[in-house]
Amino acid sequence: MDNYEPHIYELSQPGKHGTNLPRLDVPESELPTDLLRQDGMNDFPELTEPEVIRHYTRISQRNASPDTCFYPLGSCTVKYNSRLNEEVARYAGFAAAHPLQDAVDSQGALRLIYELQGYLGEIAGFSDVSLQPAAGAHGEFAGILAFRAYHLDRNDHDRIEVLVPTAAHGTNPATAAMTGLKVIEVKGHACGGVDLDDLRTKVSPRTAGMMLTNPNTLGLFENQILEVCQIVHAAGGLMYGDGANFNAILGIAKPGELGFDFMHYNLHKTFSTPHGGGGPGSGAVGCTEALAPFLPGPRVRLAADGTYELFTPAKSIGRMKSFHGNFGMLVRAWTYIRTLGEEGLREVSEIAVLNANYVRVRLKDIYPQAVERICMHESVLKGQIVGAPKDIRTLDIAKRLIDYGFHPPTIYFPLIVAEALMIEPTETEGKRTLDSFIEAMRQIAREAVETPELLHAAPTTASVRRLDEVRAARQPILRYDREAIARVRAE
Ligand SMILES: *Cc1c(COP(=O)(O)O)cnc(C)c1O
């Protein structure tokens, strides 16, 4: 715990204050005593405004972000978020709109929702879209609930199994389990795709559907996608598309035309809205006409008189989120799509794929590729450096990258690859950045052989050294506890 930043409570000094309230312009009156706070007032830290600003600004500067460094976190599509999107999201008509305002007073906001539903539907080849879910995982949850509702509506009661490939993102089996359905794993093929023979033995009249991402989590296009969809559909199941990897195929392939029935879009990945660090995101969902009656609502449609109105689909699984989803994210995504247009969106994917392959080709002689194939928007390499000591692991390589000023790629995912390093550069990076990242990775490989202690000690330039992740998970200190912090610091 070197470089310790005092907690705001430790900076507090009695009598200081940072508020400057305007002079009272109404007569003073007594509040009922039962509404008055009886205790706890003295628990607030006392500081001046500049002290508070400096404290929080200093803490914010300890973050790595796409505004400060290259952030090739595989599967997460951390791209640069255009400031134009931010400006539009701050327009008073959007930022200050109240979600309880009547539709007649919110026509502009409803029109934006309506148009975004249409754009997303068009881009992915789906007839209907709901913007309710707040994250990819939330969209998955909506999708599997919709699958279940669809089957039950047809009096098809035995469909309680969801097929999930072994390469899947953890949210897929977690979602299926949360809806109460049973997860059935489908094996992968040596070429990186789904093992069709295994799939054929797993589909049955109990199959509610299959969850699949294309490109998959190895960054590879699933070439057998038409057969996969055909096998699942022939068994009466539905295809759920995990759209988190959509950045690879914008304007090139439409999941709806590949055979998917339902898909989530991560607006905070592909459509350039910020990843909220667990905060606001958007996992909009699109689907075929057959599933549209089950979509979460409210959605927006154009009424006969030319105005926009809210409606909830006839057999809707219900609400996923209060009001209209994370509206600020929707404004950013709308702006992003309108700024780029059809050609621009296609170019996003072309450059994202080109960048990923450039990095892959220039690193794979040192960091072997998990499956040797041309990749899509990301590649999965292995942190098994030829000639390095056995105890140099992917974790050490990732930590050393921090010393070189890069956010590490995703590591140890997908689970099916030993020592995985999943690199997703995205289209917003230029050649100069990619070259310096490649040079850092090659330098780290040399260090791994010649001075491995540098890797074990990393990071040395960050504000905290390597953390004891096991202890942080087992004995977390989740709220301010002066004694616990002092104890840890003394160790
Ligand atoms: C990010 C991701 C998800 C989950 O999306 P969240 O918005 O983080 O909930 C699902 N699948 C894949 C492949 C992802 O990369």
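**Labels and their cut-offs**

Glycine 219 touches Cys375, Met376 and Glu378, leaving aside residues up to four places away in sequence; contact means heavy atoms within 4.5 Å. This is a predicted model, in which local features need pLDDT of at least 70, side-chain atom pairs count only at pLDDT 80 or more, and totals for chains, interfaces and linings use all residues. Residues are numbered from 1 along each chain as its sequence is written, and side-chain values use heavy atoms, with hydrogens and water left out.

Q: Why is glycine 219 called buried?
A: Its relative accessible area is 0%. Buried means under 20%, exposed over 50%, and partly exposed in between (1.4 Å probe, protein chains only). Glycine 219 is therefore buried.

Q: Where is glycine 219 placed?
A: Glycine 219 is in the loop between strand E4 (207-212) and helix H9 (225-234). Helices (H or I, at least four residues) and strands (E, at least two) are DSSP runs, numbered from the N terminus. The C-alpha atoms of glycine 219 and isoleucine 423 are separated by 9.2 Å, although these residues are 204 apart along the chain.

Q: What makes the peptide bond from asparagine 214 to proline 215 cis?
A: Its omega is near 0°. Proline 215 lies in the loop between E4 and H9. Most peptide bonds are trans.

Q: Why is asparagine 357 called buried?
A: Asparagine 357 has a relative accessible area of 13%, so it falls in the buried class. Its place is in helix H11 (residues 327-363).

Q: Which residues does asparagine 357 touch, not counting residues up to four places away in sequence?
A: They are Ile374, Cys375 and Met376.

Q: What lies 2.9 Å from a polar atom of the side chain of asparagine 357?
A: The backbone oxygen of cysteine 375 lies at that distance.

Q: Why are H12 and H13 called oblique to each other?
A: The axes of helix H12 (residues 394-403) and helix H13 (residues 431-450) come within 10 Å and cross at roughly 125°. Axes are lines fitted to C-alpha atoms, for helices over the stretch in contact, and angles run from 0 to 180 degrees between N-to-C directions. Angles under 35 degrees count as roughly parallel, over 145 as roughly antiparallel, 65 to 115 as roughly perpendicular and the rest as oblique. H12 and H13 are therefore oblique. The contact is made by Ile397, Arg400 and Leu401 of H12 with Phe437, Ala440, Met441, Ile444 and Glu447 of H13.

Q: What makes H6 and H7 oblique to each other?
A: The axes of helix H6 (residues 136-153) and helix H7 (residues 171-178) come within 9 Å and cross at roughly 45°. H6 and H7 are therefore oblique. Ala137, Glu140, Phe141 and Ile144 in H6 meet Thr171, Asn172, Thr175 and Met178 in H7.

Q: Why does asparagine 155 count as exposed?
A: Asparagine 155 has 60% relative accessibility, and therefore counts as exposed. Asparagine 155 is in the loop between H6 and strand E2 (161-165), and its phi is near 60°, a positive value in a residue other than glycine.

Q: Is glutamate 419 buried or exposed?
A: At 13% relative accessibility, glutamate 419 counts as buried. Its phi is near 55°, a positive value in a residue other than glycine. Most residues other than glycine have a negative phi.

Conventions
Polar contact = N/O pair within 3.5 Å; in protein donor to acceptor, adjacent residues only side chain to side chain.
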